[in-house]
Amino acid sequence: MQPLMITAAICGAEVFRTDTPHVPYSPQELAEETIRCRNAGATMVHLHMREADGAPSQRAELFAETVALLKAAACDILIQFSTGGAVGMTVEQRADALKLKPDMATLTTGSVNFGDDVFLNSPPMIRAIAARQRQFGVKPEFECFDSGMVDAALRLMKDGLVDAPGHFNFVLGMPGGMGGTTAHLDFLRTLLPEGATWSVAGIGRFEMPLAAHAIAVGGHVRVGLEDNLYVQKGVLARGSYELVAAVATLARDAGRPLATISQARAMLRLA
Ligand code: KMH
Ligand code: ZN
């Protein structure tokens with residue numbers, strides 16, 4: 001079994017200080033939280049940005065500042081930018097920061113009801129983001145909220161718009177998307193091409209059970225305040241690092257070693 005990669009999704013676009021005081025907003029706070037997650041065992045950080053008042057943002061200047069702080073602190077972690085941003089953002093807003101050439105960036109391969117909203121990803125929008133990722137040599141992580149999104153990613157491969165076999169992240173248990181049981185995850189795994197890597201991000205109460213299942217069956221795991229605020233029922237996590245630490249403990253108990261950064265680069269076929 002491959003060593004385990006843990007992605008820390010540290011702020012997202014939908015979690016605010018009114019939900020938890022522990023969500024980072026500024027580049028300084030994002031960098032400090034990333035370092036705590038790295039120290040707890042994270043291999044990759046999934047980044048969204050926030051303006052000073054907490055408003056979701058995809059401004060390249062904020063991404064650049066956060067990356068510069070991580071580099072200055074010699075934090076050796078893979079950096080993944082969101083291209084999902086927040087519901088309602090344009091493709092131009094969502095994809096601008098790809099010019100900074102992060103290690104990876106997300107690519108959601110379909111539209112999905114997102115709470116009471118719609119997270120819109122029409123085929124032309126998906127192709128435009130994929131093309132910009134290819135332009136800057138940024139590897140996509142296929143963000144799949146439903147099984148049809150796996151099929152859509154495979155179609156992009158067939159059409160030569162993205163490279164096979166790819167890395168997939170299954171986001172499960174969000175109202176409007178695919179459910180968060182191990183049966184849902186096990187079905188999705190059957191759809192992947194030979195050699196693909198995958199992780200799972202369980203939303204809310206699905207986070208840790210799906211993490212434990214992924215550890216057992218050879219997948220990888222994403223956790224963090226973007227997906228779940230609680231480290232135990234009713235107990236707010238003091239940061240995404242506590243959720244990363246909980247996954248690291250599950251992995252240790254299961255006898256699954258954590259990936260080094262160079263192992264993660266090799267598994268993900270990053271340069
Ligand atoms: N905030 C959601 C609308 C991604 O990062 O690529 C989209 C999202 C997915 O979080
Ligand atoms: Zn995200």
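**Salt bridges, a zinc site and a helix pair**

Hi everyone, the count of salt bridges here comes to 14. Before I go on, please keep in mind that this is a predicted model.

Let's look at some of those pairs. Arg59 and Glu51 join their side chains in a salt bridge, 2.9 Å from N to O. Arg59 is partly exposed, at 38% relative accessibility, and Glu51 is partly exposed too, at 24%.

Now move to Asp227 and Arg222, whose side chains form a salt bridge at 2.7 Å, N to O. Are these two buried or exposed? Asp227 is buried, with a relative accessible area of 6%, and Arg222 is buried at 3%. Both also belong to a network of salt bridges that links Glu143, Arg222, Glu226 and Asp227.

One more pair: Glu242 and Arg238 meet at 2.6 Å, N to O. Here Glu242 counts as buried, at 13%, while Arg238 is exposed, at 55%.

What coordinates the zinc ion, ligand 2? His46 and His48, each through NE2, and Glu226 through OE, at 2.1 Å. Along the sequence, the donor residues follow the spacing H-x1-H-x177-E. His46 is buried, at 2% relative accessible area, and so is His48, at 3%.

Finally, the helices. H7, residues 207–217, packs with H8, residues 240–254, at about 35°, with the axes 10 Å apart. The crossing is right-handed. Among the residues that meet are Met208, Ala211 and Ile215 from H7, and Leu243, Val247 and Leu250 from H8. By class, this contact has ten nonpolar residues, one charged and no polar ones.

How values were computed: Residues are numbered from 1 along each chain as its sequence is written. Chains are lettered from A and ligands numbered from 1 in the order in which they are written. This is a predicted model: local features need pLDDT of at least 70, side-chain atom pairs count only at pLDDT 80 or more; totals for chains, interfaces and linings use all residues. Side-chain values use heavy atoms; hydrogens and water are left out. Axes are lines fitted to C-alpha atoms, for helices over the stretch in contact, and angles run from 0 to 180 degrees between N-to-C directions. Helices (H or I, at least four residues) and strands (E, at least two) are DSSP runs, numbered from the N terminus. A crossing is left-handed if the near helix is turned anticlockwise from the far one by less than a right angle, and right-handed if clockwise. Contact means heavy atoms within 4.5 Å. Ala, Val, Leu, Ile, Met, Phe, Trp, Tyr, Cys and Pro count as nonpolar, Asp, Glu, Lys and Arg as charged, and the others, Gly among them, as polar. Donors are N, O and S atoms within 2.8 Å of the metal (3.2 Å for Na, K and Ca); water is not among the atoms, so sites may look incomplete. Buried means under 20% relative accessible area, exposed over 50%, partly exposed in between (1.4 Å probe, protein chains only). A salt bridge is a side-chain nitrogen of Lys or Arg within 4 Å of a carboxyl oxygen of Asp or Glu.
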